[in-house]
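Subject: A structure for you to explore

Hi there,

Here is the structure I promised to pass on. Have a look around it first, and then read my notes below.

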Amino acid sequence: MRQPLRYPWPFDPDDVLAPAIAVRVDVTETRAEVPDHRHRKGQLVFALGGGVTCRVPSGLWMVPPHCAVWIPGDMEHSNIATANARIFFVYIEPGATDLPDRCCTLSISPLLRELIIELTDRVEDDDARGELLTSVLLSELPRMPVQQLHLPISSEPHLRRIAAALAQDPADRSTLAEWASRVAFSESSLARLVVKETGLTFGRWRQQLHLIVAMRELASGASVQQVSADLGYESVTAFITMFKKALGKPPAKYLSSVAQNGGSAFVA
């Protein structure tokens, strides 16, 4: 069950004139969600603990601990947080800094992490120190390395149906032929459609979903054994092998390196 994700006080980020504002949201024992919405300001979604999944029209983006997802202004999106997550939303005025006009995952350096934490709760605070911290944050953000950990989702209705079903039950191990039968396609036609719309083969596309789910659940405290079972792997070894092949390191070492290096772990 998901509860609404609540801000520490009611506010509309677009009503605040500051070039950047940071707000902290602590999630309790239940997963929380901000449903589809949009605002003029761009939004940086940063997780200091736990995990956040951002959904935009073109895909799902995972926010591992010590990384952030950038969502440009005026883009419809929703945010789903794991239980006990510690999240920071940084709202940035259009043109205030040089960030991409598309969603992307950014590494967050220790300096940026501390800047975001320090700026929290400084809504409409225009003191000199706040202005200085904001200026440093906006100058540092464009220097952060871009990583890729997202699931491309096509607007094509058959693929959206498959994506929704897999997101609901990621342990579903149906073959491409079985999925093709469900959506009234031939196997070869569905295979071509997936590559055309997502740039990935069906197997790689489903694996990317598994990685997103795995990162989210591991970040919220689930064990490797539990995640492996929830994703339908025959053994923990098979899951670890998949994870290491995709991300370069087994789960525990990957999450540890992300935490130690401020989000700069290798992502394929």
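Before we start on the sheet, one term: two strands count as paired if DSSP finds at least two bridges between them. Strand 4 and strand 7 (residues 67–71) meet that rule, with four bridges joining them in an antiparallel run. Please keep in mind throughout that this is a predicted model.

First, the overall picture. The chain has 268 residues, of which 51% count as buried. Its secondary structure comes to nine helices and twelve strands. If you take the contacts between residues at least 6 apart in sequence, 71% of them join residues at least 24 apart. The accessible surface of the chain is about 12300 Å², and carbon and sulfur atoms account for 51% of that.

Six strands form an open sheet in the order 2-9-4-7-10-11, with antiparallel pairing. Which strands stand at the edges? They are strand 2 and strand 11 (146–147); each has a single partner strand, so one side of each is left without a neighbour in the sheet.

Then look for F46, which stands opposite F88 in strand 9 and opposite A68 in strand 7. Is strand 9 (residues 86–92) enclosed or open? Six of its seven residues are buried, so strand 9 is largely enclosed by the rest of the structure.

Next, helix 3. This helix covers residues 157–168, twelve in number, and spans 16 Å from its first C-alpha to its last, close to the 16 Å expected at 1.5 Å a residue. Its buried residues include L159, I162, A163 and L166. Those four cover an arc of only 100° around the axis, which puts them on the same side of helix 3. What covers the buried residues of helix 3? The cover includes helix 4 (176–182), helix 5 (187–198) and helix 6 (202–219).

While you are at helix 6, look for Q208, which is found there. Q208 is buried, with a relative accessible area of 7%. Leaving out residues up to four places away in sequence, Q208 touches L149, H150 and L151.

Finally, the cysteines. How many disulfides are there? The count comes to zero, taking a disulfide as a pair of cysteine sulfur atoms within 2.5 Å. For C54, the nearest cysteine sulfur is that of C103, 7.5 Å away, and C54 is in no disulfide. C104 is in no disulfide either, and its nearest cysteine sulfur, that of C103, is 7.5 Å away. C54 counts as buried at 1% relative accessibility, and C104 counts as buried at 0%.

Enjoy exploring, and write back with any questions!

Best wishes

Note on methods: Residues numbered from 1 in each chain as written. Predicted model: local features only at pLDDT ≥ 70, side-chain atom pairs only at ≥ 80, totals over all residues. Heavy atoms only, no water. Helix = DSSP H or I, 4+ residues; strand = E, 2+ residues; numbered from the N terminus. Expected span 1.5 Å × (residues − 1). Buried < 20%, exposed > 50% of the residue type's maximum accessible area, 1.4 Å probe, protein only. Arc of directions from axis to C-beta. Contact = heavy atoms within 4.5 Å. Areas by Shrake-Rupley, 256 points an atom, 1.4 Å probe, with all protein chains shown as cover.
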